[in-house]
Amino acid sequence: MPIRPGGSYTYRFTIQGQEGTLWWHAHSSWLRATVYGALIIRPKEGDSYPFTKPKRETPILLGEWWNANPMNVVRQATRTGAAPNVSDAYTINGQPGDLYNCSSKGTVIVPIDSGETNLLRVINAALNQELFFTVANHKLTVVAADASYTKPFTTTVLMLGPGQTTDVLISADQPPARYYVAARAYASAPGAPFDNTTTTAILEYKSAPCAAKNCSSSKPVMPSLPAFNDTPTVTAFSNSFRSPGKVEVPTEIDENLFFTVGLGLNQCPHHLNKTRRCQGPNGTRFAASMNNMSFVLPSKISILQAYQQGIPGVFTTDFPANPPLKFDYTGNVSRSLWQPVPGTKGYKLKYGSRVQIVLQDTNIFTPENHPIHLHGYDFYIIAEGFGNFNPKTDTAKFNLVDPPMRNTAGSTCEWMGSHQICR
């Protein structure tokens, strides 16, 4: 529900089966660009972490910053049909860091002391951008993602899509000094503009030689970050996730859905000035789609209200369970398939049904990473792969033993596209 200026609202809910890091954000257009925070779920009283309790915990919230009102940014994109202007900076806990000229005095300090093992709760609260994350000269042990524990694995770099969280243990096993914590873009869409800057915080040892003086004069150690289009690193990281042990994955499926994801182009409506009002490629308007359907937001009443109150004419329930037309999704897609159909459609599921969803990226206009989130639900990611999903051969690759549980999936891709299967 909307909260009026100066008002408040107490939201009470029951946590079931989740421990770790989630987050909250404003749910009104792009206000969530700056209105967000961490939601931390610790073990209930009498329980413990499935790893040695860390000395301290630090939430790390990654964000995007525009030197403009973000509401004006999205309004301009909606009005013109062009892609939104890219951000001017990334942030860690609200601060861009000292690699930007404007913010050197506001760099976030993450404290640590020699011999400690601490927990970093990393959240990608950015609107649009997948982000690499690393700490100079330190290894990170992943222990949870999206408030579900994982089988621990060690890495030097994380990649989080918007909305994803990753909990990592970091050991203070390096010489006492100052080390950069850094994040930069993972941008997989060929030729698409993106914010190619780096945000930083500083991991500062309490026993660092400068600690008793003024550490600001001591330059931190800079980490090595992957190239912005390093898909092999992203793939290796994503494939490392497993549940801590055997899980009960549904083996009998009631609904088998196949969703293609694409970024298409709509022709400029005749009543609009093509030059001023349609500023996508060649005077068109960008239109994201699933199964060739481009969502149209109801103008007067929400879909949920219409459903609960039985109000007709707001949406229909004929969203296609499969692509209306089968084609080589990751090949050279015919331009006749670039224009999606607008509509406000839903797909009805019977309560308690067991659902498998294949998310197939496409080469419509350009392939890119598409984070997918389903409000209120977790799911198991049982397979990922490149190219077109083949049910005759790819099902043999399904992990039905210990797949990771997530609440946000990223359909990671490169020039050949990708697919992901969730239950």
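Q: Which residues does Leu 203 touch, leaving out those up to four places away in sequence?
A: Not counting residues up to four places away in sequence, Leu 203 touches Val 110, Ile 112, Val 135, His 138, Ile 170, Ala 177, Arg 178, Tyr 179 and Val 181, where contact means heavy atoms within 4.5 Å.

Q: Before going on, what kind of model is this, and what are the ground rules?
A: This is a predicted model, in which local features need pLDDT of at least 70 and side-chain atom pairs count only at pLDDT 80 or more, whereas totals for chains, interfaces and linings use all residues. Residues are numbered from 1 along each chain as its sequence is written, and side-chain values use heavy atoms, with hydrogens and water left out.

Q: OK, which residues of the largest nonpolar core touch the most other members?
A: Val 122, Phe 133, Leu 158 and Leu 203 do, out of the 45 residues in that core; a nonpolar core is a set of buried Ala, Val, Leu, Ile, Met, Phe, Trp, Tyr and Cys residues joined through side-chain atoms within 4.5 Å. The largest share of this core, six residues, comes from β12, and strands here are DSSP runs (E, at least two residues) numbered from the N terminus, as are helices (H or I, at least four).

Q: What's the strand order in the open sheet of five strands?
A: The order is β5-β13-β12-β7-β10, with mixed pairing, and two strands pair if DSSP finds at least two bridges between them. At the edges stand β5 (109-112) and β10 (158-160), each with a single partner strand, so one side of each has no neighbour in the sheet.

Q: How does β12 pair with β13 and β7?
A: Strand β12 (residues 178-186) is antiparallel to β13 (residues 198-205) over seven bridges, with Tyr 180 opposite Ile 202 and Thr 198 as the bridge partner of Arg 184. Six bridges join β7 to β12, also in the antiparallel sense, and there Thr 134 stands opposite Ala 182.

Q: Which six strands form the other open sheet?
A: The six-stranded open sheet runs β4-β3-β6-β11-β8-β9 and has mixed pairing. Its edges are β4 (89-92) and β9 (148-155), each with a single partner strand, so one side of each is left without a neighbour in the sheet. Within this sheet, β6 (residues 117-124) and β11 (residues 165-171) pair in the antiparallel sense over seven bridges, and Leu 119 stands opposite Leu 169.

Q: Switching topic, where is Gly 387, and is it buried or exposed?
A: Gly 387 lies in the loop between β20 (379-386) and β21 (405-406), and is buried, with a relative accessible area of 13%. Gly 387 and Tyr 179 are 208 residues apart in sequence and 39 Å apart in space, C-alpha to C-alpha.

Q: Zooming out, how many helices and strands are in the protein?
A: There are four helices and 23 strands. Buried residues make up 48% of the 423 residues, and the C-alpha trace spans about 70 × 50 × 50 Å along its principal axes.

Terms used. Buried means under 20% relative accessible area, exposed over 50%, partly exposed in between (1.4 Å probe, protein chains only).
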